[in-house]
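Here is a short briefing for a reader new to this structure. Look over the sequence and the model, then read on by topic.

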Amino acid sequence: MILQASSFNIAVPLSGSSTGRSRHSHVVRAQGEPSDKSVEIMRKFSEQYARKSGTYFCVDKGVTAVVIKGLADHKDTLGAPLCPCRHYDDKAAEVAQGFWNCPCVPMRERKECHCMLFLTPENDFAGNDQVITMEDIKATTANM
């Protein structure tokens, strides 16, 4: 039997009661993939920011697609597009600080994108595109 991860919501009581019911509940979202809505939001943001900053997506569309999906996942789970290419001991604290929320401070200040999402024209890995479609994102990440 093969199990696939999917999105679902679980209501968890915050205060115990004999009936198991609570006036307050917390929704926990377990997720295998970011929502299409968040992927689309991050796709549009990435295209707009590339045009605004004069940067380009990687010649390998798979890099661009994976980073956009990572940003979308963090938007769904953390409420902000935290850079998906770094390790964090406390993601919630990093989101609150804002330094690594996309576009991160190094990108805004020096056009240095650790994820290779936004590349300057002189970068050897820069492609010619500032556009990526949802179909490109889905196709290049289908088997991941």
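The buried residues of helix α2 are Gly62, Thr64, Ala65, Val67, Ile68, Lys69, Gly70, Leu71, Ala72, His74 and Asp76. Buried means under 20% relative accessible area, exposed over 50%, and partly exposed in between (1.4 Å probe, protein chains only). This is a predicted model: local features need pLDDT of at least 70, side-chain atom pairs count only at pLDDT 80 or more, and totals for chains, interfaces and linings use all residues. Residues are numbered from 1 along each chain as its sequence is written, and side-chain values use heavy atoms, with hydrogens and water left out.

**Helix α2**

- Helix α2 spans residues 61–78, 18 residues in total. Helices are DSSP runs of H or I with at least four residues, numbered from the N terminus.
- From first C-alpha to last, α2 reaches 25 Å, close to the expected 26 Å. The expected span is 1.5 Å times one less than the number of residues.
- At the start of α2, a side-chain oxygen of Asp60 comes to within 2.9 Å of the backbone nitrogen of Gly62. A polar contact is a pair of N or O atoms within 3.5 Å; within protein, one must be able to donate a hydrogen and the other to accept it, and residues adjacent in sequence count only if both atoms are side-chain atoms.
- Gly79 follows α2, and its phi is positive, near 85°.

**Cysteines**

- The structure holds one disulfide. The term means a pair of cysteine sulfur atoms within 2.5 Å.
- Cys85 and Cys115 form this disulfide, with their sulfur atoms 2.5 Å apart.
- The pair links distant parts of the chain, 30 residues apart: Cys85 lies in the loop between α2 and α3 (91–97), Cys115 in the loop between α4 (105–110) and α5 (134–141).
- The torsion about the S-S bond of Cys85 and Cys115 is about 130°, so the disulfide is right-handed.
- Cys85 is partly exposed, at 32% relative accessible area. Cys115 is buried, at 9%.
- Cys104 is buried, also at 9%. The closest cysteine sulfur to that of Cys104, in Cys83, is 6.1 Å away, too far for a bond.

**Nonpolar core**

- The largest nonpolar core has 26 residues, of which Ile68, Leu117, Phe118 and Ile137 touch the most other members. Such a core is a set of buried Ala, Val, Leu, Ile, Met, Phe, Trp, Tyr and Cys residues joined through side-chain atoms within 4.5 Å.
- The largest share of this core, five residues, comes from α2.
- Phe118 touches residues including Phe45, Tyr49, Phe57, Cys102 and Met107, not counting residues up to four places away in sequence. Contact means heavy atoms within 4.5 Å.

Terms used:
Helices (H or I, at least four residues) and strands (E, at least two) are DSSP runs, numbered from the N terminus.
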